[in-house]
Structures are given as structure tokens and as C-alpha cells.
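Biologist: Could we go through the charged side-chain contacts in this structure? Please show it first.

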Amino acid sequence: MKKAKKYTGINIQWPISELILSGKKSIETRTYPIPPDYIGKELALIETPGKSGKFKARIVGIITFSDCFKYSNKAEFYNDSPKHFVTPNSKWAWLDKAKWGWRIDRVVPLQAPKPYLGRKGIVFTKNIKV
């Protein structure tokens, strides 16, 4: 039997997580840059239900980011919509606050989701066994 590997986790709400797992979404957007220690590092992708999911948080894959960059303006941000799927009507729309793009380098979906019972947030999701 394989020994479980430990990861730091990143929370991504459903259905955005599904776009990442399918390979359609190649840029994750946030209002802050990725912590440098996490660039090129495998992270556990923790799928959270948000307001519309009918499940509890679960680990659904392993994700790696290659780098991140700051969008210089709203037009540049929305030009990348086909890569990050954020539109002006989205709850993640540009709201005159800096937006960062985290380039997704690799995603490996798990064969079956694993329950995640810990606290949410990258600060708390250390040493997750997958």
C-alpha cells in the first residue's frame, strides 16, 4: 500500500474547481499574488461547495502553479476571460482592486474525492495527507 504524501492545500470553490480539473481553466485569479514558496510546488486542490454546492469540502486533485502576474487594468483582465472564466457579472469580477493571475501548470485529478475536515485557507491547510 502506498504511503500518503503530505501537501499544503488551496481552496477553490465549485464549480470553478471543475473548470480547473477539466483543463479548461488555465489561470486562477486572486486579489493577491501567490506566495513564492508555492510556485512550482504541488498543492492539494480542496474543492469547497460555496453557496451552491451540495457537498462538504473535499480534496479532488493535485495542482501546480508555474508563476503569477498582476493584471495592469480591467481591460487586460477581461481579455483573459477565456483562460480564467471571470466575467463582469461574476462574483469574482474586477472591482477596482488589484487582480493577480496564477498560471496553472499541471493538474492531476484524484480517482475519487477525499473528505477534507480541516479549517479552510492556505494558512491552515498544511500537511494534508493524500
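Biologist: How many salt bridges are there in the whole structure?

Modeller: This is a predicted model, and a search of the whole structure finds 7 salt bridges.

Biologist: Which residue does E42 pair with?

Modeller: E42 forms a salt bridge with K5, with the closest N and O atoms 3.0 Å apart. E42 sits in the loop between β2 (27–30) and β3 (43–48) and K5 in the segment before β1 (6–13), so the pair ties together parts that are 37 residues apart in sequence.

Biologist: And how accessible are E42 and K5?

Modeller: E42 counts as partly exposed, at 27% relative accessibility. K5 is also partly exposed, at 43%.

Biologist: Turning to E47, which residue does its side chain meet in a salt bridge?

Modeller: The partner of E47 is R58, at 2.6 Å from N to O.

Biologist: Is E47 buried or exposed?

Modeller: E47 is buried, because its relative accessibility is 1% and the cut-off for buried is under 20%. R58 is partly exposed, with a relative accessible area of 23%.

Biologist: What about D67; where is its partner?

Modeller: D67 forms a salt bridge with R103, the closest N and O atoms being 2.8 Å apart. D67 is in strand β4 and R103 in strand β5 (residues 100–115), 36 residues apart, so the pair links distant parts of the chain. Both residues are partly exposed, D67 at 26% and R103 at 34%.

Conventions: Residues numbered from 1 in each chain as written. Predicted model: local features only at pLDDT ≥ 70, side-chain atom pairs only at ≥ 80, totals over all residues. Heavy atoms only, no water. Salt bridge = Lys/Arg side-chain N within 4 Å of Asp/Glu carboxyl O. Helix = DSSP H or I, 4+ residues; strand = E, 2+ residues; numbered from the N terminus. Buried < 20%, exposed > 50% of the residue type's maximum accessible area, 1.4 Å probe, protein only.
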